[in-house]
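Biologist: Before I use the labels on this model, I would like to know what stands behind them. Can we go through them one at a time?

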Amino acid sequence: MSAYIAWRALRGDEKFALIRTIGVAFGAIGGTSFCGADLTDADFTKAIIKSTNFNHTRQKQTILHQVCWSNATKLDRARLGTSILANPAVCELLTIRNGYKKSYKNVDLYNANLKGINLECANLEQANLSHAALQQANLNHANLTKTLAVGADFSQAYLTGACLESWNIDHTTKLDRVDCQFVYLLEQPNAIGSRERRPHDPDKVFQPGDFEKLYKKIMDTVQILLRDGMNREAFAAAFQELMQKNPDITHESILAIERKGSDALLTLEVAPDADKAKISQDFLKPYEDQVRQLQAKIDHLQQLRSADIKDIALELARHPLNVTNQAVGTGTMQETNDSSRNINIGNIGGNFNASGQALNLGDISGNVTNTINQLPESTTEQPGIKELLTELQTAIASDSELSGKGKTNALEQVKTLAEVGQNPEQPEKKSLGEKAMIFLKGTIANLPDTAKLAEASSKLLPLIAKALGLPV
């Protein structure tokens, strides 16, 4: 029985983990001790590690950064303490150095020596590769979704076909001379079956240095995901607070606001050495606080409105209105002189005067039409800026998912784009046009995917931006 238990413990059976730990501790008595030693960049290639102690001391930690464990043996008989080697999968990877098609999801590889290692087609989703040495590592077609790679060195690594969805890198991540022909930005295909290949054209590949340039630009940005779309009032208040805390950030720092399903993605341009985590927190916390406060106000107003509507219903039940001979289209109506039946709803919570709202929307729509009509007609079979803006104006006005205020604000941005089209070479106009495009994208990000405006805008906005010489 004792032999069986010892055998199972040495094989890594979790039922006998405590016995294994005790056995390894006894076996390490009198063995080589590296307790408290700094073994940074040490080379244990082909070393026999049996009965070796790598535990921390009370005074000092044992440092095992960038240690090479290639073909080392008997590591399972050593006291590895809380190092990354305590994970059997990591221990095997660092010694055998072949992780082809294996899963290392959520694995800690902090400061690991992975130089030249084979991780082709490996799953490294949410793994911690911070400060790891990955020079010349084979990461072709590896899954690096949400991988933490701050300070990692990918110099001359192979990354063709790798999935880089939401991986975390910063200015300390080294991407010098990476060998990469193309990458994917989505782990799973989207609604149209695309994994967001880069470069987009399937017949093109990155030229030497292209990958590094692409991600250097990405490293100079912060992306903040706004759940359930963007609340404009909360966004304005939170962004104002963000600028106060971070003077380097201005309205010009907003690169894009994109729709991601039911969410919105805000992209900000920041300095290479900026604390991106702090910037994200400085915006998200006040934004979420504002959203909660606004939602509380909406809930309160809805409660008041429900109470008022109930009072109206009771009043109507007591004094029914006598309305007859209403001629639709002529504006005539027979009125009663019974003052007891007049109900004043002017002070009731909520907006019951739709005509005023329609009048405002009609005014702005007329102004937009006048401004667009000042643009030249298209001289080719393809629609020009005038035709594109007219189509966008029609889509906004007819969309049932957009509120009256939302339509008014969106139409004002269309008017701005029409003014840019009259003199697109002026830098001031271009700046206003870029902001108008960002606002429209933010408005559309709040709409469901089935909204007609969302579908029309996905086609129209890129064409309008191209026609006006604005960033797509």
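**What the labels rest on**

Modeller: Cysteine 68 has a relative accessibility of 16% and is classed as buried. Keep in mind that this is a predicted model.

Biologist: Why is cysteine 68 called buried?

Modeller: The label buried applies under 20% relative accessible area. Cysteine 68 is at 16%, so it counts as buried.

Biologist: How many disulfides does the model have?

Modeller: The count is zero. A pair of cysteine sulfur atoms has to be within 2.5 Å to be called a disulfide.

Biologist: What makes asparagine 246 buried?

Modeller: Its relative accessible area is 12%, and the cut-off is under 20%, so asparagine 246 is buried. It sits in the loop that runs between helix H5 (232-245) and strand S4 (254-260). Leaving aside residues up to four places away in sequence, asparagine 246 touches Lys278, Ile279 and Asp282.

Biologist: Why is tryptophan 7 called partly exposed?

Modeller: Tryptophan 7 has a relative accessible area of 44%, between 20% and 50%, and therefore is partly exposed. Tryptophan 7 belongs to helix H1 (residues 2-10). Together with Met1 and Tyr4, Trp7 forms a nonpolar surface patch of about 420 Å² of accessible area.

Biologist: What makes the span of helix H10 close to the expected one?

Modeller: H10, residues 427-445, has 19 residues. From first C-alpha to last it reaches 27 Å, and the expected value at 1.5 Å a residue is 27 Å.

Biologist: Which residues of H10 are buried, and what covers them?

Modeller: The buried ones are Gly433, Ala436, Met437, Ile438, Leu440, Gly442, Thr443, Ile444 and Ala445. Their cover includes H5 and S4, along with strand S5 (263-269) and helices H8 (385-398), H9 (404-422) and H11 (452-468).

Biologist: What about the chain as a whole?

Modeller: There are 11 helices and five strands. The chain has 472 residues, and 38% of them count as buried. Its accessible surface is about 27200 Å², with 51% belonging to carbon and sulfur atoms. Among contacts in the chain with a separation of 6 or more, 45% join residues 24 or more positions apart.

How values were computed
Residues numbered from 1 in each chain as written. Predicted model: local features only at pLDDT ≥ 70, side-chain atom pairs only at ≥ 80, totals over all residues. Heavy atoms only, no water. Buried < 20%, exposed > 50% of the residue type's maximum accessible area, 1.4 Å probe, protein only. Helix = DSSP H or I, 4+ residues; strand = E, 2+ residues; numbered from the N terminus. Contact = heavy atoms within 4.5 Å. Areas by Shrake-Rupley, 256 points an atom, 1.4 Å probe, with all protein chains shown as cover. Expected span 1.5 Å × (residues − 1). Patch = residues over 30% accessible without salt bridge, like charges linked within 9 Å, V, L, I, M, F, W, Y side chains within 5 Å. Salt bridge = Lys/Arg side-chain N within 4 Å of Asp/Glu carboxyl O.
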